Amino acid sequence: MGTFFCSYLCNYGRIFFRLSAVEWSVILLTIGLVFAMEAVNTAIEKIADMISPEYNETIKQIKDLAAGAVLFVAIAAAITGLLIFAPKVISFLQ
């Protein structure tokens with residue numbers, strides 16, 4: 001749900017701050033990467049639950065690693081967004 005909100009926010013920011021084609025391309029690739037990682041994480045969790053419906057420490061570690069990968073990508077996406085939007089917001093506020 002948060003990914004969709006951030007996507008909409010970026011789209012409105014693109015229009016308001018008139019991002020260049022390169023800046024918008026970087027934002028789109030970053031959004032796409034986050035959505036793709038979320039899908040991979042969900043697939044791993046579903047497969048793991050199918051393989052071992054009961055609690056299994058190894059399955060838990062696999063799920064944690066997949067969720068950690070999503071977290072790393074989300075942090076990178078947030079940093080990318082800040083690098084692109086922060087200077088524009090600061091200029092707007094001055």
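Trainee: How should I read the accessibility of Ile-62: is this residue buried, partly exposed or exposed?

Mentor: Buried means under 20% relative accessible area, exposed means over 50%, and partly exposed lies in between, with a 1.4 Å probe and protein chains only; Ile-62, at 38%, is partly exposed. This is a predicted model, in which local features need pLDDT of at least 70 and side-chain atom pairs count only at pLDDT 80 or more, whereas totals for chains, interfaces and linings use all residues. Residues are numbered from 1 along each chain as its sequence is written, and side-chain values use heavy atoms, with hydrogens and water left out.

Trainee: In which helix is Ile-62 found, and how far in space is Ile-62 from Ile-79?

Mentor: Helices are DSSP runs of H or I with at least four residues, and strands are runs of E with at least two, numbered from the N terminus. Ile-62 belongs to helix α3, residues 57-93, and its C-alpha is 26 Å from that of Ile-79, which is 17 residues away in sequence.

Trainee: What is the overall pattern of the chain, and how spread out is the chain?

Mentor: The chain has three helices and zero strands, in the order α-α-α along the sequence. Its radius of gyration, taken over C-alpha atoms, is 17 Å, well over the 12 Å that the globule rule gives for 94 residues, so the chain is more spread out than a compact globule; that rule is 2.2 Å times the number of residues to the power 0.38. The C-alpha trace spans about 55 × 20 × 20 Å along its principal axes, and 21% of the 94 residues count as buried.

Trainee: Which residues is Asn-41 in contact with, leaving aside its neighbours within four places in sequence?

Mentor: Contact means heavy atoms within 4.5 Å, and by that rule Asn-41 touches Lys-63, Ala-66, Ala-67 and Val-70. Asn-41 is found in helix α2, residues 21-51, and is buried, with a relative accessible area of 10%.

Trainee: How many salt bridges does the structure hold?

Mentor: Side chains of opposite charge can pair when their charged atoms come close; the cut-off here is a side-chain nitrogen of Lys or Arg within 4 Å of a carboxyl oxygen of Asp or Glu. The structure holds three salt bridges. In one of them, Glu-23 pairs with Lys-88, the closest N and O atoms being 3.3 Å apart, and this pair links distant parts of the chain, from helix α2 to helix α3, 65 residues apart. Asp-49 forms a salt bridge with Lys-63, with closest N and O atoms 2.4 Å apart; Asp-49 lies in helix α2 and Lys-63 in helix α3, so the pair ties together parts that are 14 residues apart in sequence. Asp-64 and Lys-60 meet at 2.7 Å, N to O, and, being four residues apart in helix α3, they are separated by about one helical turn.

Trainee: How many disulfides does the count come to?

Mentor: A disulfide is a covalent bond between the sulfur atoms of two cysteines, assigned here to a pair of cysteine sulfur atoms within 2.5 Å. The count comes to zero: Cys-6 is in no disulfide, and the nearest cysteine sulfur, that of Cys-10, is 6.6 Å away. Cys-6 is partly exposed at 42% relative accessible area, whereas Cys-10 is buried at 16%.
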